[in-house]
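Colleague: I am new to reading models of this kind. Could you take me through this one, beginning with a single residue?

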Amino acid sequence: MGPTGVGKTTTAAKLAARCVMRHGARNLGLITTDNYRIGAQDQLRIYGKILGVPVCVAQDNAELEHAIAAYRDKHLVLIDTVGMGQRDTRVAQQHALLSAPGVRRLLLLNATSQTSTLDDVIRSYAGPEGARNLEGAILTKTDETLKLGGVLDAVIRHHLKLHYVCNGQRVPEDVHCAN
C-alpha cells in the first residue's frame, strides 16, 4: 500500500515474478482492490497472464475475504491497492479493507520524497495504532534519487522493518531483498 505513483503495481509484479520463479505459478494469487484508476486492474491482469497466475478483484471487505479464502492454499497472495495521497479521507477506508485476518501491510515509500512528506505518509498509512500496524516498508525509486538519507531516516525513526528495495522498472530484476 502507499500513495499514488509510488510503484505499487510494478512492485507487486516484481514480487509476483520472484515468487513464481521460486515456488511456481500455482503457489501465488494476486488480488487488486484498485477499481479507481483506469486500466489498473488490466495492468495486474496482464502481469498475471504472463506469469500464469490468477487475479481476483476485490472492491469491499466481503470480496476481499472471499478472494483470500479462495487462495488459502497459496504460498503467497499479493494485494495491489489503490493509490491515494496520505491526506485522502479514503485512507481510513483502506485500513478497514486491509484489516482482514492474515493480511500483512507493507508500505511503499518513494525514495525521492522529502523527509517531512515521508513522515506524513507513514503516519497516515500506519493509522491510529502507529507504525506497529505495518509489517514494514519497501523503498521504491532508489534509482531516481541522489541521496537515500531521508528515506532511511524515516524508516529508522518510525521503526519500520525494511523488506525490499526497488531500483528500476524491470520486472523482476529491479527488486532486491534489503540487507
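Colleague: Is K141 buried or exposed?

Modeller: This is a predicted model, in which local features need a pLDDT of at least 70 and side-chain atom pairs count only at 80 or more, while totals for chains, interfaces and linings use all residues. Residues are numbered from 1 along each chain as its sequence is written, and side-chain values use heavy atoms, with hydrogens and water left out. Buried means under 20% relative accessible area, exposed over 50%, and partly exposed in between, with a 1.4 Å probe and protein chains only. The relative accessible area of K141 is 19%, so K141 is buried.

Colleague: Where does K141 lie, and what is its phi near?

Modeller: Helices (H or I, at least four residues) and strands (E, at least two) are DSSP runs numbered from the N terminus, and K141 lies in the loop between β5 and α6. Most residues other than glycine have a negative phi. K141 is not a glycine, yet its phi is positive, near 60°.

Colleague: Is H159 buried or exposed?

Modeller: H159 also has a positive phi, near 55°, although it is not a glycine, and its place is in the loop between α6 and β6. Its relative accessibility is 70%, so H159 counts as exposed.

Colleague: What radius of gyration does the chain have?

Modeller: The chain comes to six helices and seven strands, and its C-alpha atoms fill a box of roughly 40 × 35 × 30 Å along the principal axes. The radius of gyration is taken over C-alpha atoms, and the globule rule is 2.2 Å times the number of residues to the power 0.38. For 179 residues a compact globule would have a value near 16 Å, which agrees with that of the chain, 15 Å.
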